[in-house]
Number of protein chains: 2
Amino acid sequence: MEPFSQVELQLAARNHGMPLEALRYPVTPAGLHYLLIHYDIPAVDPAAFALTIEGAVERPLTLSLDDLRARPARELEVTIECAGNGRALFPIRPVSQPWLSEAVGNAAWKGTPLGPLLAEAGLGSDADEVVFTGLDRGIEGGLVQAYERSLPLEEALRDELVLAYEMNGQPLLPQHGYPLRLVVPGWYGMTSVKWLTRITVVDEPFTGYQQTQAYRLRRSEEDEGEPVSRIFPRALMIPPGLPSFPEREWTLPRGPTRVEGRAWSGWAPVQSVEFSADGGGTWIEAELEPERSRWGWRGWTHEWDAPPGDHVLCCRARDSAGNVQPDEAEWNVGGYANNGIQRVRVTVD
Amino acid sequence: MEPFSQVELQLAARNHGMPLEALRYPVTPAGLHYLLIHYDIPAVDPAAFALTIEGAVERPLTLSLDDLRARPARELEVTIECAGNGRALFPIRPVSQPWLSEAVGNAAWKGTPLGPLLAEAGLGSDADEVVFTGLDRGIEGGLVQAYERSLPLEEALRDELVLAYEMNGQPLLPQHGYPLRLVVPGWYGMTSVKWLTRITVVDEPFTGYQQTQAYRLRRSEEDEGEPVSRIFPRALMIPPGLPSFPEREWTLPRGPTRVEGRAWSGWAPVQSVEFSADGGGTWIEAELEPERSRWGWRGWTHEWDAPPGDHVLCCRARDSAGNVQPDEAEWNVGGYANNGIQRVRVTVD
């Protein structure tokens, strides 16, 4: 792995992954969920906060937090993963957040569904996409910008999209978008716009920086690339045994050990998780726990009879649409969507 | 700055600092407080949890969480900073958590005072130190160990020490020591043992790894060094203006701008904070906000009339015992206690 620069470290010191042992919690506790914030966490006065719905609509709306809370509410567990998860595991990477494999979390998001709000505003017949704008602002690619992303209309109208004001039964934390964020189940996290303040219905594809420059799977700098969208399947395990500091290598005693983890896919339900104790040479099916939520991760366990020696433990997920984790994901310029299988080196005494 | 290794990145991806804009919150919200965890966050069953007080005492005690909650409670705001804060800003550093300057947080800790518990157990006449043992275990320096630290008896008997079960009005989060941690106001964070399960009164100085190998200010590998103890003064500012991604450089418009931050010292109350807009060439006294808690940080502000150009903004704290932040802190092998002044490069348009 190439050494890391100060710029990468600056990002790693403020954004953070979910420590892998936190895979033990079905719902990720506050502060352990991954975070990726492009600019600074904005200071928001909830009394002055308003969400506007405008653009190609018949009746533009302005809604306070109280207005939003008075509307029908829905709570659902959603696993959100950063599109850049695994970036630092690619052989070549751009200067950005240097994720290993922990950029994920599963939370219970409560808010009001987006679809009925768009219906109330009245979509114009020329409506094509919906643009979501956050209150966070900064400079990226030389452009002063608010963080903004769009969704095609059919995605924006999915039943499961909520404008969330609670996470795990509490008001959103500042770093997770207080007071309001979009939650798009199944999509990488860049789409679940935090500090959401404006929804604009547009009549042609949105060409903002985060849509057309960032978050694309480019084979080369010249390649326009496909947009990053839904989350590819991934399984992660809690590394078993005692960790060393600072190396984070694991040691465990020989004999039966229960290996556990979680798996998810934004494309289709998880169908199976496999475990390997020999670096992916041979695979054995793990046991799946019951599904808690279509849009959340699924627990899995495997009873491993650990023999003495050094081993490379792996796991991989497959979804019911036939997507399976590759040994190594295809490289791309932005370092996105690296869902290559996890490898955990352990020593058994 | 020397590039960073994979081992350092692995630590930075799971432990994290407090994003500097979170200096705006008098009490650091959940998940924004810094975290440094040597091993893994332990899974604790609160019903089975017990704290024992043993060793050189007349009446060993075993206390459940309910027992602890039934005792007199005290809540106080305490700023905790990692002893390794600033490590990566030293020209040479050991392989450990590569902190820049954000390893801090200020929380309201509620728990039961330690002193009365020790009195109830009855200190033996030969009592010398008190050892605090956590439930977190790992391998460090080649030794399998639970995380343990001691305090001299006179420090352990200070009024302000609490065994905390709440942080900011909520049960401790798993990563902050659920269900119980020691909080030692004024000392660097390594002393506020998390997942506290055993208190042992000993009749001679404790020689555990975290006491005699780690957390010492050594001038060379051979130097035994002085133990790290209380927090040296530090002031930090919120970098003003718009940040760039991924570089995290700041741009702001010319004219009046309010620079704000916090300052603290574990040795004595903060007496003054100074601000410099020319890299520390000239200093001007900032305005201090009222003290919220002797053991918490103190807010400060400065109205800066920003002229066009590139500037290096600095701040430094002085406490009433005469300790002041140095331009550059004295180097030590472990990279501890680097309280050299913060430098923030900004461009004014």
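Modeller: Chain A has an average pLDDT of 97, and 100% of its residues score at least 70; pLDDT is the predictor's confidence in each residue, from 0 to 100. For the complex, the predictor gives an ipTM of 0.96 and a pTM of 0.97. This is a predicted model, in which local features need pLDDT of at least 70, side-chain atom pairs count only at pLDDT 80 or more, and totals for chains, interfaces and linings use all residues. Residues are numbered from 1 along each chain as its sequence is written, while chains are lettered from A and ligands numbered from 1 in the order in which they are written.

The interface comes first. Here 50 residues of chain A are in contact with 50 residues of chain B, two residues being in contact if their C-beta atoms, placed from the backbone, lie within 7 Å. On the side of chain A that touches chain B, the elements giving two or more residues are helix H1 (6-14), strand E5 (129-140) and strand E14 (242-245) of chain A. Helices (H or I, at least four residues) and strands (E, at least two) are DSSP runs, numbered from the N terminus. H1(A) provides the largest share of that side, eight residues. By class, the side of chain A that touches chain B has 29 nonpolar, twelve polar and nine charged residues. In this division Ala, Val, Leu, Ile, Met, Phe, Trp, Tyr, Cys and Pro count as nonpolar, Asp, Glu, Lys and Arg as charged, and the others, Gly among them, as polar.

The same surface serves both copies, since 100% of the contact residues of chain A recur in chain B.

Two of the elements named above also pair across the interface. E5(A) and strand E14 (residues 242-245) of chain B pair in the parallel sense over two bridges, where two strands pair if DSSP finds at least two bridges between them. In this pairing A:Ile139 stands opposite B:Ser244 in E14(B). The helix can be followed on the chain B side. In helix H1 (residues 6-14) of chain B, the residues B:Glu8, B:Leu9, B:Leu11, B:Ala12, B:Ala13 and B:Arg14 are buried. A residue is buried if 20 or more other C-beta atoms lie within 10 Å of its own, exposed if 12 or fewer, and partly exposed in between, with C-beta atoms placed from the backbone. H1 of chain A is included in what covers the buried residues of H1(B).

Strand E5 has a further partner within its own chain. In chain B, strand E5 (residues 129-140) and strand E6 (residues 143-152) pair in the antiparallel sense over nine bridges.

Most residues other than glycine have a negative phi, and most peptide bonds are trans. B:Arg248, in the loop between E14 and strand E15 (250-252) of chain B, has a positive phi near 55 degrees, although the residue is other than glycine. B:Arg248 counts as partly exposed, with 19 C-beta neighbours inside 10 Å. B:Asn168 also has a positive phi near 55 degrees, and its place is in the loop between strand E7 (162-167) and E8 of chain B. With 19 other C-beta atoms within 10 Å, B:Asn168 is partly exposed.

The bond from A:Tyr178 to A:Pro179 is cis, with omega near 10 degrees, and A:Pro179 lies in the loop between strand E8 (170-171) and strand E9 (181-183) of chain A. In chain B, a cis peptide bond joins B:Tyr178 and B:Pro179, with omega about 5 degrees.
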